[in-house]
Structure formats: C-alpha cells, structure tokens
Amino acid sequence: MTARKKPEELRSHRWFGASDMRAFGHHSRVAQMGYSRSDYLGKPIIAIINTWSDINACHSHFRQRAEEVKRGVLQAGGFPLEMPAIALAEVFQKPTTMLYRNLLALETEELLRSYPVDGAVLMGGCDKTTPALLMGAISMNLPAIFMPAGPMLRGNWRDQPLGSGSDVWKYWAEKRAGKVSDEQWAELEDGIARSPGHCMTMGTASTMTSAAEALGFTLPGAVSIPAADSRHARMATDTGRRIVEMVWEDLKPRDFVGAASVDNAITTILALGGSTNAVVHMVAVARRAGVALSIDRFDELARKTPLVANIRPAGKFLMEDFYYAGGLRALLKDIGDLLALDARTVNGRTLGENIAGAEVFNRDVILPREKALVASGSLAVLRGNLAPGGAVIKPAAAEPQLLKHLGPAVVFADYNDMAARIDDPALAVTADSVLVLQNAGPLGAPGMPEWGQLPIPKKLLEKGVRDMVRISDARMSGTSYGACVLHVAPESFVGGPLALVRTGDLIELDVANRRLELKVSDAELARRRAAWKKPEPRYERGYGALYQRHITQADEGYDFDFLEGTAPTAEPEIH
C-alpha cells in the first residue's frame, strides 16, 4: 500500500499550519476571499495553472474546464486555486510563440515554488504550452498532472474535411498558382476552425499532448478526446480528483519521467507521424528530468518504429477520426512491444495497465503494421559539414525523389529577403534548386519561427512543382509537409556553416545515409569563415536580452542554460 502524507506534512502547512503573526496574514487574506479555515486547512492545496486568454482560441474553453477541474479537486477533499499563466497563442504571437516557451516554463516553476501549493493541474495544449508546462513542473517536482485541451472538431468546406495548417499550406499554394479564388479562400477561412481546441491534424499540439500521455503525465486516454465532447469535461473533473490523491501519495514528475518513459514518448511521436518540433521539445523536457537525451535517439528509435497513424499531414484522417477509431490507447496497445510497459504514470498504474483492453475500431485510421504509411524512418537526423550539430527531416512528408538530391543553392539572407524575392520572375531558380534560408534560428530570427517550409516560387508552382529541397535553421509547423531540412545546428547567426553558403553552391541531401553536405572545399569554407562578421544582437533590454544571453541551440533543446538539469533550488523562506 502506498504511504500517505499526514496533513502536517503538506507543503502548504508551512504557510497555514502556524498561529503566529506570519500565519495571521496568510489566514486573514484567505478569509478576505470568503473562505474559512475549514475550507483549506489540512487539505492539499492545488494550483490550477490555466493558460486561458481571450487571444488563445485553442484554449477558449479553459474558463469552463478550470471550473470542472475545481469540482474534482473539491470532491476529492482538496482546495483549488486557479493561477493564470501566460498564454502562448500560436497564430497571433510574434515573431513566434517559441520565443516565449521558456518564459512559460519559468513562470510555471516559480508559481509553484513561491505560493503555498501542494500539487498542480497543468492546463495546456496549444503547441508550446505543453512542453513549457511540463518543463516547469518537472523542475519544481511537486505532484503534477497534465490536462490537455483536446483537438478541435474537423473543418469543413464544400463537403470536404479540412485539417488546420495542412490544408492552409495546400490551398495557399493552389491560390498562388491561380487555382483558388478569393471567394473560395474566404470560405476556407470560415470553415477550417469550427470549435474550441487545438489543431486537429497531427501538428505540434497533438504530437506533444500525445507525448505527454505516453510520458505518463495524463489520465489514460485523455489526449484523444475532442475539446467539444462532453467526455472532455468529465476528464477534467477526473483530473482534478486524481491530483489530490497524487499529493497524498507524494507522486512527483521525476518519479515517473525517466529514460524509459522518454523513449515511450519518442516512440509514440514516431508512430503518430508527429511534428519535427517534438525533437526540440523532448530534448528540453528530458533534460529537465536529468535524462541526457540526444537528437540521435530519435533517429535510432525511428529506424524500428512504424508510422501507423493515418492522420494528416502524413496521412488522410483527422484527430476526431482517431478518437473514434480507439484513440491513443489503442495505438499504444498496437505498438506495445516497442514500449516500456512497466513505466509508471500519474494514476499510479503502469503504462501497460493503462492500455490493457484497448481496441482499434477503424483499421483505416490506425493501420496494421503491414500497411504502415512508413515501415520505419519516419523522421531522420542528418549530419555533415553543413550541419555538424545535426538537422532533422520528415521523409514521409517529402516527395520520394527528393530524398537523394544534389542541386545548386538559392540563398536568402533572412525571411524578409526571401519574401521580397521568392516570386520575382527574374529569380534564377529551377525545380532542382535547393532553397536556403539563413538567420531563422534561435538567435537569428529570433525565436526559431516556423519558417522552414519555404514557399515554392510562384513561377514553379505555375509549372506544377509542389515540392523542393529547402534548408534552414528554422522550424516547420507540424501541420506542414515537404522536403524541408530543419533545425540546422549551429545556426547561421552564430557562424554555423549555414552562414557560409552562397548562391550556386552545390548541396547534397542523402536521407538514406543521413548526410547533408555542402560541396565546397575546406579551404574555401575557411576563407569564407574568416570573412564572416558576427551580427549585432537583436535586443538591448528586457526579456529579449535575457533570452539571447542564455538560449541554447536546437540540438540542445533550445532551453535556457540556467534552467537545465536537476540542481536543487531552495524552498522560499516564510517570514
């Protein structure tokens, strides 16, 4: 039987357990909010970290979900405290939400450290909120459970299902090619996002919430439930009930996040055809728990993991279909031999126990292995003289003939240069060219935005070209597709080899051999390096100045160097 804490052993007891002048202020201010001592004294105090905001459409239902979490906390004998945290609203925040992922992670950690809380419910889902909340909770290491936002309902246009992101890129290319009218484009805008919830494709949001479940951070089956489904509200209440028990059991993130559960999360990402963004996020999450994860581990696990989720952008269906087909539990049951089934989870059971009895109800959505979209290698890590720190590509998203390619570079110095010239009829570019975007990485952009799916030049679109080799130190939306080499490290802004590429240089991509090579002599590269000048910093003050002093490169997880690892931080003095 699990040992249980006594009320006087609760962390919040340090604030509320005494009867001195210090505690007077604590008690009187809680009374000011309309509560009596019996409401909270001797009970687990649960922080509900809520990333709701009027600007975050994906979390627009979180006001109500927070109330449903509170209901569960109260039912289980806890005392809930809702604590708003910064909302990372993917499409609105510029230059990119990635710039602020570590700010939310830091805020989460410090909210939990500085206030009288015993455990936490983490409410997130939209892309960067999930890794940020997990990172902060792992670092603080109080009992914590993740409550996912859930995917939105499938979009619809002229009786065609629409997937967020994926169909935007698809129809935007067709519009630029003159095949979609302004009226049709407006109809697409109106029909693609029809309910609360995050992207319903296998973008970064569903990738990272699924990783959170495989990591052990959610109740079983939680991440697959559509946001608008009433079962999502019931899951929120169940989550609130469970965190109270976790406090009494003292079940903390680092009790279940280890090398085996990290491998489970990566294997899940690969079987789902998940976003390349997961590489950066999982390295950061793992290192917060003391797991020395390298990007090469993704490549190792990809070589033996089939892509069996037939979900856009790699496949045909959407997350709503995935839920009806059995959801994540069913997929995990199917690939159980590739998982560490004895890994613990937040409900106190093992992953194997949580997926026992799960069934697949639609084999067109969750494919049998013999019909996998990709038998192995759905994600690849590339190295070579152009990416000594590594780069990533999603082979399943590319046209097959481009996976081994030699072509001349067309170099853009930054995003603005690319936007100004990409559709210029005079641009010297062919379908065999390799589009190269510089200064789009962690410091160069800044924030490593999702600029990696460079647009196909308009004059090539008009000729029917829909994919080209594209290389950058940026990221790519998980809903994107194409032969895009991403996360090139070190980035060009700090003098990585990408900064030395010139238009006309030959670049060789060889995915099978995991190579990315700039066909320029060492002597010429040395001459170019000697002539390279370090750019001026992007920021002189504020968060940006802190960011640029401490951000690490993509292959290192893009975390702040002072937040990595498991070094202890003292509990606050209470005076």
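This is a predicted model: local features need pLDDT of at least 70, side-chain atom pairs count only at pLDDT 80 or more; totals for chains, interfaces and linings use all residues.

User: Where is I55 found?

Analyst: I55 is found in the loop between β1 and α4, the latter covering 62–75.

User: And does I55 count as buried, partly exposed or exposed?

Analyst: I55 counts as partly exposed, because its relative accessibility is 42%.

User: OK, on to the sheet with β1 in it. What is the strand order?

Analyst: That sheet is open and has four strands in the order β2-β1-β3-β4, with parallel pairing. The edges are taken by β2 (79–84) and β4 (144–148), each of which has a single partner strand, so one side of each is left without a neighbour in the sheet. From one strand to the next, the twist averages 20°.

User: How many bridges are there between β1 and β3?

Analyst: Strand β1, residues 45–50, and strand β3, residues 119–124, pair in the parallel sense over five bridges. As for individual residues, I46 has G119 in β3 as its bridge partner.

User: Which strands does α5 touch?

Analyst: Helix α5, made of residues 101–114, packs on the sheet and touches β1, β2 and β3, and its direction makes about 160° with that of β1. Another helix, α10 (residues 230–249), lies across β1, β3 and β4 and runs at about 175° to β4.

User: Switching to β9, which strands does it pair with, and in what sense?

Analyst: Strand β9 (residues 404–412) pairs with strand β13 (residues 506–510) in the antiparallel sense, over five bridges, while its pairing with strand β10 (residues 434–437) is in the parallel sense, over four bridges. On the β13 side, the bridge partner of H405 is L509, and towards β10, V410 stands opposite L435.

User: Now the charges. How many salt bridges does the count come to?

Analyst: The count comes to 44 salt bridges. One of them joins E90 and K128, whose closest N and O atoms are 3.0 Å apart. E90 lies in the loop between β2 and α5, whereas K128 lies in the loop between β3 and α6 (129–140), so this pair ties together parts that are 38 residues apart in sequence.

User: Are E90 and K128 buried or exposed?

Analyst: Both E90 and K128 are buried. They also belong to a network of salt bridges that links E90, D127, K128, E450 and R475.

User: What about D263, which residue does it form a salt bridge with?

Analyst: D263 forms a salt bridge with R297, and the closest N and O atoms of the two are 2.6 Å apart. This pair links distant parts of the chain, since D263 sits in helix α12 (residues 259–272) and R297 in helix α14 (residues 296–302), 34 residues apart. R297 has a relative accessibility of 27% and therefore counts as partly exposed.

User: Last one, what is the N to O distance for R22 and D20?

Analyst: The side chains of R22 and D20 meet in a salt bridge with an N to O distance of 3.9 Å; the cut-off for a salt bridge is within 4 Å. R22 counts as partly exposed because its relative accessibility is 27%, and D20 counts as partly exposed because its value is 36%.

How values were computed. Residues are numbered from 1 along each chain as its sequence is written. Side-chain values use heavy atoms; hydrogens and water are left out. Two strands pair if DSSP finds at least two bridges between them. Helices (H or I, at least four residues) and strands (E, at least two) are DSSP runs, numbered from the N terminus. Axes are lines fitted to C-alpha atoms, for helices over the stretch in contact, and angles run from 0 to 180 degrees between N-to-C directions. Contact means heavy atoms within 4.5 Å. Buried means under 20% relative accessible area, exposed over 50%, partly exposed in between (1.4 Å probe, protein chains only).
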